[in-house]
Amino acid sequence: IMGIGIAIVAGVLFVGWALLNLKTSRKDGVYLGRVHPYRRLMPYIMQTRNESVVYFDHYVDATQLIEYVAQTKVKFGGDMTHCLVAACTVGLAEVPSMNQFVMGRRLYQRKGHHLAFSMKRKQLDKKAKLAVVKLEIPETESFRDFCERVGAKIGVERSGERTYADKEYDLFNMVPRPVLNGAVALFRWLDYHNVLPHSFIENDGMYCSIFVANLG
């Protein structure tokens, strides 16, 4: 009887494992099943970001852009960072293949254009804490509306009030290291199998189309 029970449990676990590996749907992306075989093999060969990253320098004549920013700065607070993030949105709209990601060794087309960028909690303060602003950018939004929405979001981050991210970080920092290691491993496993709750993805700045790191 014990042997039969063990076999049943093993069978149930195997079926559950098989079903998890067959799941391709995600809240934040659409599975791209029909891609070149080489593209399907790449996530197995280059499994980490450092193995697949490419660095390059690019120089742009910003003479006219600087003149434009001087005008927008006075009218509605648009600056160079706004222009850079907005340009990323234009790039994503014109080249949809840029808006893809790999999870569980599978390629997905991201739903929507989600941009994140880092900023200082206090201006012109090297010791100020960093905050991450994540926004979904509709293709029809004007540059002025975009700048005003970013400004409102930055205003919240620089208001001095505790944000959702602050509370989340404080909670994780209270957890003992072994438990936190296990929790992170569990989250990665759930994400790999497309069963991580969408609330984790929606509020995490790293789940985005492009992350702009402002090192100024």
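**Close-up views of a predicted model**

**View 1. Valine 30 and its bridge partner.** Valine 30 has glutamine 109 of S3 as its bridge partner. The model is predicted, so that local features need pLDDT of at least 70 and side-chain atom pairs count only at pLDDT 80 or more, whereas totals for chains, interfaces and linings use all residues. Residues are numbered from 1 along each chain as its sequence is written, and side-chain values use heavy atoms, with hydrogens and water left out. Strand S3 covers residues 106–110 and runs antiparallel to S1, to which 3 bridges join it; strands are DSSP runs of E with at least two residues, numbered from the N terminus, and two of them pair if DSSP finds at least two bridges between them.

**View 2. The open sheet.** In the order S1-S3-S2, 3 strands form an open sheet with antiparallel pairing. Because strand S1 (29–31) and strand S2 (100–103) each have a single partner strand and stand at the edges, one side of each is left without a neighbour in the sheet. From one strand to the next the twist averages 40°, where axes are lines fitted to C-alpha atoms and angles run from 0 to 180 degrees between N-to-C directions.

View 3. The structure holds 0 disulfides, a disulfide being a pair of cysteine sulfur atoms within 2.5 Å. The closest cysteine sulfur to that of cysteine 83 belongs to cysteine 147 and, at 6.7 Å, is too far for a bond. Cysteine 208 is likewise in no disulfide, the nearest cysteine sulfur, that of cysteine 88, being 10 Å away. Cysteine 83 counts as buried at 11% relative accessibility, and cysteine 208 is buried with a relative accessible area of 11% (buried means under 20% relative accessible area, exposed over 50%, partly exposed in between, with a 1.4 Å probe and protein chains only).

Key: Helices (H or I, at least four residues) and strands (E, at least two) are DSSP runs, numbered from the N terminus.
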